[in-house]
Amino acid sequence: MHLARFAKVALGHFPTPIERLDRLTAHLGGPEIFIKRDDCTGLATGGNKTRKLEFLVAEALSQGADTLVTQGATQSNHVRQTAAAARRFGLDCRALLERRVTNGGPSYERDGNVLLDDLIGCPVEFRDAGLDMNAEGLALAENLRGEGRKPYFIPGGGSTPLGALGYVSCAAELLYQIDTLGLRVDRIVHATGSAGTQAGLVAGLHAMNAPIQVTGISVRADKHKQEENVHRLAAQTLDFLGVKGELPKQAVVAFDGYVGSGYGQPTDEMVDAIRLLARLEGILLDPVYSGKGMAGMIDLIRKGQIGKGERIVFLHTGGSAALFAYRDLFSGVGTS
């Protein structure tokens, strides 16, 4: 794939570690579970968007940008990491936050990632749910351009073919790690939302002819839409890389049974999964993405849809800062 053809900046701590989850594996009676710690990428508490931003910020700098513009939901991990990446290179950042969660209580729009956005110095504007947020972001960028600024717009989640190269790179990193450890891995499981992480992994593994199933646990869209979005972006990413041939539809798998009542809305299973991993392994998940991803993986194991004889890598996409915006769900957890 020769990813060195594509300009990138250094933002993260790579490679991120792979750890065996012995206590979770024993608790579930198999399969053998490992975790890829992309919560440890290092940029303003880390997370999966850092890998994408290494490529996107490089392009912004090459175009002479002075401001990064992006959008996300209120507790957006992407906005927090984009703001931090901007500051690392002396750029300004402006962000729009969509009110997808309207029942989060008085602290939901102040705590967690929103607090960190403010600390980093990223002005945010809120928008009502249901708008075309990328169009809103482009309009903001155009307004800034009219003021004499040089904005570079990053779509939600950094989910473009260029951004997806971050997880093409992660696929190569992961293969090197497991080959070095002598591990045969059957499946990667992770929370999937804006599609860039899953699309990059699928594209990277396909390009390297590595037969590892990538199982996405959707946090927003239904199965058909999520699989369609991921497949489209993965195919575009392969084309961007110059990889020939069609990407089979069956290469993209997503489950939608763990969204609950909507994006960012808590589920009992998510709360249980976060509590379980914290108590068994001392690892903190987040309530919007990785908590639902872990809940989905545990349920699929218990239902036998993930076999006991498999070896799994759960990709931790970060976001534990958002726990503080959901504090009422976890109050008193340590008292029992």
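Arg-302 lies in helix H10. This is a predicted model, so treat what follows as a reading of that prediction. Is Arg-302 buried or exposed? With a relative accessibility of 57%, Arg-302 counts as exposed.

What does Arg-302 touch, once residues up to four places away in sequence are set aside? The partners are His-27 and Leu-28. Arg-302 also pairs up in space with Gly-29: the two C-alpha atoms are 9.5 Å apart, while the residues are 273 places apart in sequence.

## Gly-30 and its loop

Move along to Gly-30, which is in the loop between helix H1 (22-28) and strand E2 (32-37). Gly-30 counts as buried, at 9% relative accessibility. Leaving out residues up to four places away in sequence, Gly-30 touches Thr-25, Ile-301 and Lys-308.

Gly-30 is joined to Pro-31 by a cis peptide bond, with omega about 0 degrees. Pro-31 itself lies in the loop between H1 and E2.

## Other backbone details

A cis peptide bond also runs from Phe-14 to Pro-15, with omega near 0 degrees. Pro-15 is found in the segment before strand E1 (18-20).

Thr-45 has a phi of about 85 degrees and is found in the loop between E2 and H2. Thr-45 is partly exposed, with a relative accessible area of 47%. Asn-209 has a phi near 55 degrees and is found in the loop between H7 and strand E8 (213-218). At 69% relative accessibility, Asn-209 counts as exposed.

## How H9 meets H10

Back to H10, this time with its partner H9. Helix H9 covers residues 268-281 and helix H10 covers residues 290-302. Their axes come within 8 Å and cross at roughly 90 degrees. Angles of 65 to 115 degrees count as roughly perpendicular, so H9 and H10 are roughly perpendicular to each other.

Which residues make the contact? From H9 come Glu-269, Met-270, Ala-273, Ile-274, Leu-276 and Leu-277. H10 brings Gly-291, Lys-292, Met-294, Ala-295 and Ile-298. Sorted by class, the contact of H9 with H10 has eight nonpolar, one polar and two charged residues.

## The nonpolar cores

In soluble globular proteins, nonpolar side chains tend to be buried together. Here the largest nonpolar core has 58 residues. Those with the most contacts inside this core are Leu-68, Tyr-152, Leu-165, Ile-178, Leu-201 and Leu-205. Which elements give two or more residues to this core? The helices are H2 (49-62), H3 (77-88), H6 (161-181), H7 (196-207) and H8 (223-241). The strands are E4 (92-99), E6 (151-154) and E10 (311-316). H6 gives the most, with nine residues.

Leu-68 makes a handy example. Leaving aside neighbours within four places in sequence, Leu-68 is in contact with residues including Val-57, Ala-60, Leu-91, Cys-93, Tyr-152 and Ile-154. Thr-82, Ala-86, Asp-92 and Arg-94 are also in contact with Leu-68. A second, separate core has 38 residues, including Leu-21, Val-189, Val-271 and Tyr-289.

## Cysteines without disulfides

A disulfide is a covalent bond between the sulfur atoms of two cysteines. How many disulfides does the model have? The count comes to zero, with the cut-off being sulfur atoms within 2.5 Å.

Cys-40 is partly exposed, with a relative accessible area of 32%. Cys-93 is in no disulfide either, and the nearest cysteine sulfur, that of Cys-122, is 3.7 Å away. Is Cys-93 buried or exposed? At 3% relative accessibility, Cys-93 counts as buried. This is the Cys-93 that is in contact with Leu-68.

Note on methods:
Residues are numbered from 1 along each chain as its sequence is written. This is a predicted model: local features need pLDDT of at least 70, side-chain atom pairs count only at pLDDT 80 or more; totals for chains, interfaces and linings use all residues. Side-chain values use heavy atoms; hydrogens and water are left out. Buried means under 20% relative accessible area, exposed over 50%, partly exposed in between (1.4 Å probe, protein chains only). A nonpolar core is a set of buried Ala, Val, Leu, Ile, Met, Phe, Trp, Tyr and Cys residues joined through side-chain atoms within 4.5 Å. Helices (H or I, at least four residues) and strands (E, at least two) are DSSP runs, numbered from the N terminus. Contact means heavy atoms within 4.5 Å. Axes are lines fitted to C-alpha atoms, for helices over the stretch in contact, and angles run from 0 to 180 degrees between N-to-C directions. Angles under 35 degrees count as roughly parallel, over 145 as roughly antiparallel, 65 to 115 as roughly perpendicular and the rest as oblique. Ala, Val, Leu, Ile, Met, Phe, Trp, Tyr, Cys and Pro count as nonpolar, Asp, Glu, Lys and Arg as charged, and the others, Gly among them, as polar.
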